[in-house]
Amino acid sequence: MSVTRSDVLLTNPSRAFDTPQRYIQGPGEFYNIFEYGKEYGSSFFFIIDAGVYKLVNDMLDKIEDKPEYYCTPFSAESCMEEVYRLADILREKNCDVIVGVGGGKVLDTTKLVADEVDKARIILPTSASNDAPAANWAAVYTPEGVHITGRRSRRATELVLVDSTVIANAPARLFSAGIGDALATWFEAMACENSYTPNCVVKGYRRTRAAMAVCKECFDILMEDGVRALKAVKAHVATEAVENVIEANVLLSGLGFINGGLAASHGLHAGFSEIPGCAAYTHGEKVAFGLLCELILENAPDELIDKILNFLYDVDLPVTLAQIGIELNDENLSIIAEHTLYKNVLIHHEPFAVNEEVIKGAIVAADALGRDFLAAKQN
């Protein structure tokens, strides 16, 4: 695969903005799932992250006057093999509403299953760990967990339902990861805007002013409330700051990447996923370090880089390769650079040409910057 800037240059003058049909967020909203869902059908097929399977079933048991529903645990990758397997089960059960409950991979799989069987879907995240819930888009991996591509959904999500009490009681590391994913939103949208790259709506369009405002608001919320929100989540309480950051991580970041576009931060994340040691780290953790690399690529001002370094440190996000399980050596750099350059298009959304050496240089420089920063913090 050989991709250049000219291959992704926007030629369509029209603007477009894509959203789920409805978004509801607040404490205890999980218990309204069937009340809201009856608008879309009368029987429900729950695909539930295995890590929260018992918790979710216990919560479902507390709901009175339940319609017919069926639950299946999910512990795989967001891969097409799993999509086809679940679609077959759903057809057998003959349910008419699909509910994805859990983290990004189960939610992306739910979107793909809904497309496969053409049924209504409800997305119910149990953490604010990434921007998958509100995006009509799904990441596709191999069964082994290597990122392949992103796929546009053929239908809009009928309802994104977010219970902030559930999210405040999820592991704080997942909340941090969501901040890392959301933090890149504004910077990647700006890269796409400056390079005249299409957004992720259907065939790709110009960004609306609304989209850019959403992306900037996402960044502003994180800067204002991110640190205090994480402290509250560590105490398992849903304060106003937590509610604001949930909205940034889940809604604004999701709308931002679909309508603004993705660039180097997520492109490098895909490259990092090729390194086996990186599998233990979350999507948002990898994107966070990818953002540092993007800022180096873009020759961002020292003041901005320092601001981002300090913020990442304050919200428990990585600033070095070692912190995402990658050893700095020539072999790993070559694998990351080759994947980033040739196996996904996102790095080419930057407003300049790149090659393998440029990518390697940015990674090495970002890692050195992060190591120096951490050393200074320890002194």
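Helix α2 (residues 53–61) keeps four residues buried, namely Val56, Asn57, Met59 and Leu60. Buried here stands for under 20% relative accessible area, exposed for over 50%, and partly exposed for anything in between, with a 1.4 Å probe and protein chains only. Helices (H or I, at least four residues) and strands (E, at least two) are DSSP runs numbered from the N terminus. The model is a predicted one, so to speak of local features takes a pLDDT of at least 70 and side-chain atom pairs count only at pLDDT 80 or more, while totals for chains, interfaces and linings use all residues. Residues are numbered from 1 along each chain as its sequence is written, and side-chain values use heavy atoms, with hydrogens and water left out.

Looking down the axis of α2, the buried residues fall within an arc of 160°, so they line one face of the helix; the arc is taken from the directions that run from the helix axis to the C-beta atoms. Lys54 and Asp61 sit on the other side of α2 and are exposed. As for what the buried residues of α2 pack against, the list is α1, β2, β3, β4 (97–102) and α5 (164–168).

Strand β4 is next. Six of its six residues are buried, so β4 is largely enclosed by the rest of the structure. In a regular strand the side chains alternate between the two faces of the sheet. In β4, Val97, Val99 and Val101 point one way and Ile98, Gly100 and Gly102 the other way, and all are buried. Strands count as paired if DSSP finds at least two bridges between them. β2 and β4 run parallel and are joined by five bridges, with valine 97 of β4 as the bridge partner of phenylalanine 44. β4 also runs parallel to strand β5 (residues 120–125), this time with six bridges, and glycine 102 stands opposite proline 125 of β5. To get from β4 to β5 the chain passes through helix α4 (residues 104–117), and this β-α-β crossover is right-handed. Right-handed means that, with the strands pointing away from the viewer, the path from the first strand over the helix to the second runs clockwise.

Then come the rings. Rings of Phe, Tyr and Trp (its six-membered ring) pair if their centres lie within 6.5 Å; planes under 30 degrees apart count as stacked, over 60 as edge-to-face and the rest as tilted. By this rule there are ten aromatic pairs. Phenylalanine 34 belongs to helix α1 (residues 33–37) and phenylalanine 44 to strand β2 (residues 43–49), so the pair ties together parts that are ten residues apart in sequence. Phenylalanine 34 is buried at 8% relative accessibility, and phenylalanine 44 is buried at 1% relative accessible area. Phenylalanine 34 also pairs with phenylalanine 46: their ring centres are 5.9 Å apart and the planes are at 75°, so this pair is edge-to-face. Here again helix α1 is linked to strand β2, with the two residues twelve apart, and both are buried. Phe34, Phe44, Phe46 and Tyr69 make up one aromatic cluster.

The charged end of lysine 105 sits over the ring of tyrosine 141, 4.5 Å from its centre; the rule asks for NZ of Lys or CZ of Arg within 6 Å of the ring centre and within 35 degrees of the ring normal.

Over in strand β3 (residues 68–74) is threonine 72, buried with a relative accessible area of 7%. Contact means heavy atoms within 4.5 Å. Neighbours within four places in sequence aside, threonine 72 is in contact with Phe45, Phe46, Ile47, Ile48, Tyr53 and Leu86.

Most residues other than glycine have a negative phi, and most peptide bonds are trans. Asparagine 94 has a positive phi of about 60° without being a glycine; its place is the loop between α3 (80–93) and β4, where asparagine 94 is exposed, with a relative accessible area of 60%. Asparagine 299 has a positive phi of about 55° and is not a glycine either. The loop between α10 (283–297) and α11 (302–314) holds asparagine 299, which counts as exposed at 68% relative accessibility.
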